[in-house]
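Student: Could we go through this model one question at a time? Please put the cut-offs beside the terms.

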Amino acid sequence: MQTPLISLGTSSLNLGQLLSVVVFVLLGIMFVVWSSGFLRRRLASRRVNADVTQMVSRAYLVLGFVVLAFMTMDFLQIPLAAFAFISGAVAIGVGFGAQNI
């Protein structure tokens with residue numbers, strides 16, 4: 001369980017860490033999907049407009065998956081600063097793409 005499977009630079013990933021990450025991600029996905037359905041049922045029981053219910057539950061689902069991805073990268077000790085350049089470039093591209101010319 002402690003034998004390194006993957007080594008990148010100074011960090012390595014062993015079997016125990018790999019299995020715990022897989023379990024963490026599966027449980028996280030199950031929780032996000034379940035809580036999104038719970039949120040959808042609660043909004044539907046309060047007679048909120050169907051479009052608003054769909055939009056809120058989708059936004060919650062996307063946000064939950066993004067948070068789960070960041071938590072997984074933190075658990076694997078992947079530096080999040082490495083994605084700063086890429087995310088900045090994507091944000092600029094989306095900004096230019098969203099303009100009405």
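The questions below go from the overall fold to single residues.

Tutor: This is a predicted model, in which local features need pLDDT of at least 70, side-chain atom pairs count only at pLDDT 80 or more, and totals for chains, interfaces and linings use all residues. Residues are numbered from 1 along each chain as its sequence is written, and side-chain values use heavy atoms, with hydrogens and water left out.

Student: Which pattern does the protein follow along the sequence?

Tutor: Helices (H or I, at least four residues) and strands (E, at least two) are DSSP runs, numbered from the N terminus. The protein has three helices and two strands. Read along the sequence, the pattern is β-β-α-α-α.

Student: What share of the 101 residues is buried?

Tutor: Buried means under 20% relative accessible area, exposed over 50%, and partly exposed in between (1.4 Å probe, protein chains only). Buried residues make up 14%.

Student: Against which helix do the buried residues of α1 pack?

Tutor: Helix α1 covers residues 15-45 and reaches 45 Å from its first C-alpha to its last, close to the 45 Å expected at 1.5 Å a residue; the expected span is 1.5 Å times one less than the number of residues. Its buried residues are Val-21, Gly-28, Val-32, Ser-35, Ser-36 and Leu-43. They pack against α2.

Student: Is Thr-72 buried or exposed, and which residues is Thr-72 in contact with?

Tutor: Thr-72 lies in helix α2. Thr-72 counts as buried because its relative accessibility is 13%. With contact meaning heavy atoms within 4.5 Å, and leaving aside neighbours within four places in sequence, the partners of Thr-72 are Val-21, Phe-24 and Val-25.

Student: Which residues does Thr-53 touch?

Tutor: Thr-53 lies in helix α2. At 6% relative accessibility, Thr-53 counts as buried. Not counting residues up to four places away in sequence, Thr-53 touches Arg-40, Leu-43 and Val-48.

Student: How many of the 14 residues of α3 are buried?

Tutor: The end C-alpha atoms of α3 are 20 Å apart, which agrees with the 20 Å that its 14 residues should span at 1.5 Å a residue. Val-94 is placed in this helix and counts as exposed, at 55% relative accessibility. Helix α3 is hardly covered, and its count of buried residues is zero.

Student: Which helices each supply at least two residues of the nonpolar patch?

Tutor: Among the members on the surface are Val-62, Phe-70, Phe-83 and Val-94, and the patch has about 1100 Å² of accessible area together. Areas come from the Shrake-Rupley method with a 1.4 Å probe; for residues, only the protein chains shown count as cover. The helices are α2 (50-75) and α3 (84-97).

Definitions and conventions
Patches are made of residues with over 30% relative accessible area and no salt bridge: like charges are joined within 9 Å, nonpolar side chains (Val, Leu, Ile, Met, Phe, Trp, Tyr) within 5 Å. A salt bridge is a side-chain nitrogen of Lys or Arg within 4 Å of a carboxyl oxygen of Asp or Glu.
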